Amino acid sequence: MKKTKRFHVFETNKRSIAKAIGFRIVEVLVDMGIGMVLLGLNAIMALEYSILVEIACFSLYYIWERIWVKIDYGRHVHEHGKPCEECKEETNRSCH
Ligand SMILES: [Zn+2]
């Protein structure tokens, strides 16, 4: 039997922005730690290193996303919310 969702929990933009900024701060601190402990950098150099790594990763991820826009692997089109043939088969299989 197919489960129907009774509740929808929405993420507000504010929450998503808070999560994104929070994660960036954690990443910068971790990269700084790596810079100081493994590379022996002082705090200022470690911060610079961390910011450079962040910019590089952010740019690389943007390029990665743009490449994946052109790749259809794992992508389905569900017209009017109806599952496609592939998803119907999966749902049937999981019932047995
Ligand atoms: Zn599908």
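Helices (H or I, at least four residues) and strands (E, at least two) are DSSP runs, numbered from the N terminus. With that in hand, I read along the sequence and found the pattern α-α-α. My tally for the protein is 3 helices and 0 strands.

**Ground rules.** I am looking at a predicted model, where local features need pLDDT of at least 70, side-chain atom pairs count only at pLDDT 80 or more, and totals for chains, interfaces and linings use all residues. I number residues from 1 along each chain as its sequence is written.

**Burial.** I call a residue buried if 20 or more other C-beta atoms lie within 10 Å of its own, exposed if 12 or fewer, and partly exposed in between, with C-beta atoms placed from the backbone.

**Helix α1.** I followed α1 over residues 13–37. Its 25 residues reach 36 Å from first C-alpha to last, close to the 36 Å expected at 1.5 Å a residue; the expected span is 1.5 Å times one less than the number of residues. The number buried in α1 is 2, so this helix lies largely in the open.

**Helix α2.** Helix α2 is hardly covered, with 2 buried residues among its 27.

**How do α1 and α2 cross?** I found that their axes come within 8 Å and cross at roughly 125°. Axes here are lines fitted to C-alpha atoms, for helices over the stretch in contact, and angles run from 0 to 180 degrees between N-to-C directions. Angles under 35 degrees count as roughly parallel, over 145 as roughly antiparallel, 65 to 115 as roughly perpendicular and the rest as oblique. I therefore noted α1 and α2 as oblique to each other. On the α1 side, the contact includes Glu 27, Val 28 and Met 32, and on the α2 side, Ala 46, Tyr 49 and Val 53 are among the residues. Contact means C-beta atoms, placed from the backbone, within 7 Å.

**Ala 46.** I then zoomed in on Ala 46, which is found in helix α2. Is Ala 46 buried or exposed? Ala 46 is buried, with 21 other C-beta atoms within 10 Å. Leaving aside neighbours within four places in sequence, I see Ala 46 in contact with Met 32, Gly 35, Met 36 and Leu 41. Ala 46 and Ile 34 are 12 residues apart in sequence and 8.0 Å apart in space, C-alpha to C-alpha.

**His 80.** My last stop was the loop between α2 and α3 (85–95), where His 80 sits. Its phi is near 50°, a positive value in a residue other than glycine. With 4 C-beta neighbours inside 10 Å, His 80 counts as exposed.

Note on methods. Two residues are in contact if their C-beta atoms, placed from the backbone, lie within 7 Å.
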